[in-house]
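Please look over the sequence and the model shown below before reading on.

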Amino acid sequence: FSRFVTATNPSLIIFPPSRGPSGRRLNNPTPTLKVMKKYKKSLKISPRNPIAYHNLGNIFSTTKDYEEAIKFYQKAIEQKPDYLQAFFNLGTIYASQERYQKALDAFEKAESLYKNYKWGDQASPELYLNKARLLLNLGLYQEAESPAIKYLSYFPESGPGHFILGQIYEAQEKHVGMNWPFYVYVPDAMTVGMAPSKLKDA
């Protein structure tokens with residue numbers, strides 16, 4: 001995928017903003033300073049804990065401090081080179097910053113890891129939806145079709161999935177430029193390493 005075209009700027013959102021990774025509505029969706037302090041204290045005691053780095057990245061993603069989030073996701077990967085969710089979230093943030101080659105590299109690394117994970121490809125079907133949106137934004141319409149179909153193989157009744165595939169087919173015919181939001185998977189401390197739930201249709 002070295003062929004890149006001028007792309008529109010996708011905005012990064014956490015979907016939906018008032019819910020946790022399992023779709024449960026949160027009373028307080030903004031992580032507290034107390035949580036951050038505990039993770040940082042944990043790292044002073046156990047500086048090689050990739051989950052603590054990843055969870056701090058999640059906090060900064062939630063508060064939209066994306067540069068700090070990137071630093072902590074990268075530190076998580078340094079400690080655990082096969083950290084699936086960290087690569088996924090890095091790709092999502094890079095896409096929002098128009099760092100498209102880095103985004104695609106991160107998504108493809110995550111995809112290769114998911115295929116060897118104990119849950120198989122179902123570890124995070126959202127990866128395929130995000131990758132389809134990224135490729136569509138890049139004007140790589142033929143390449144975008146495969147991940148969109150892959151996502152729908154898991155969630156055949158997904159409205160957003162069918163919509164994005166329809167737009168891909170339209171783009172293949174008309175070559176129109178489009179702009180799409182991305183989704184970031186932010187697990188809480190108790191669900192790290194578990195397969196995320198399916199996206200909720202808007």
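This is a predicted model: local features need pLDDT of at least 70, side-chain atom pairs count only at pLDDT 80 or more; totals for chains, interfaces and linings use all residues.

Residues are numbered from 1 along each chain as its sequence is written, and side-chain values use heavy atoms, with hydrogens and water left out.

**Overall fold**

The chain contains eight helices and two strands, where helices (H or I, at least four residues) and strands (E, at least two) are DSSP runs numbered from the N terminus. Among the contacts in the chain with a separation of 6 or more, 63% are between residues 24 or more positions apart, a contact being heavy atoms within 4.5 Å.

**Helix contacts**

Two helix pairs are set side by side in the table. Axes are lines fitted to C-alpha atoms, for helices over the stretch in contact, and angles run from 0 to 180 degrees between N-to-C directions.

| Helix pair | Axes come within | Crossing angle |
|---|---|---|
| helix 2 and helix 4 | 11 Å | roughly 25° |
| helix 7 and helix 8 (residues 159–174) | 9 Å | roughly 160° |

The crossing angle of the second pair makes helix 7 roughly antiparallel to helix 8, and helix 2 and helix 4 are roughly parallel to each other. In these terms, angles under 35 degrees count as roughly parallel, over 145 as roughly antiparallel, 65 to 115 as roughly perpendicular and the rest as oblique. The crossing of helix 2 and helix 4 is left-handed, and the crossing of helix 7 and helix 8 is left-handed as well; a crossing is left-handed if the near helix is turned anticlockwise from the far one by less than a right angle, and right-handed if clockwise.

Helix 2 contributes His 54, Asn 58 and Ser 61 to its contact with helix 4, which in turn contributes Gln 85, Ala 86, Asn 89 and Ile 93. Between helix 7 and helix 8, the residues that meet include Ala 144, Ala 148 and Tyr 151 of helix 7 and Gly 161, Ile 164 and Ile 168 of helix 8.

**Aromatic rings**

A pair of aromatic rings is described by the distance of the centres and the angle of the planes. The structure holds five aromatic pairs, counted where rings of Phe, Tyr and Trp (its six-membered ring) have centres within 6.5 Å, with planes under 30 degrees apart taken as stacked, over 60 as edge-to-face and the rest as tilted. In one of them, the rings of Tyr 128 and Tyr 154 lie with their centres 6.4 Å apart and their planes at 35°, so this pair is tilted. The pair links distant parts of the chain, since Tyr 128 belongs to helix 6 (residues 126–137) and Tyr 154 to helix 7 (residues 141–154), 26 residues apart. Tyr 151 and Phe 155 form an edge-to-face pair, at 5.3 Å centre to centre and with 75° between the planes, and both of these residues are buried. Elsewhere, ring pairs join Tyr 53, Phe 60 and Phe 72 into a cluster.

Tyr 128 is itself buried, at 2% relative accessibility. Among the contacts of Glu 111 beyond its neighbours within four places in sequence is Tyr 128, together with Leu 127 and Lys 131. Glu 111 is found in helix 5 and counts as buried, at 14% relative accessibility.

Charges also sit over rings, which requires NZ of Lys or CZ of Arg within 6 Å of the ring centre and within 35 degrees of the ring normal. Lys 75 lies over the face of Phe 72 at 5.2 Å from the ring centre, and the charged end of Lys 102 sits over the ring of Tyr 94, 5.7 Å from its centre.

**Two loop residues**

Most residues other than glycine have a negative phi. Lys 64, however, has a positive phi near 65°, and lies in the loop between helix 2 (50–62) and helix 3 (66–79), where it is exposed at 60% relative accessibility. Glu 98 also has a positive phi near 65°; its place is in the loop between helix 4 (84–96) and helix 5 (100–115), and at 41% relative accessibility Glu 98 counts as partly exposed.

Notes:
Buried means under 20% relative accessible area, exposed over 50%, partly exposed in between (1.4 Å probe, protein chains only).
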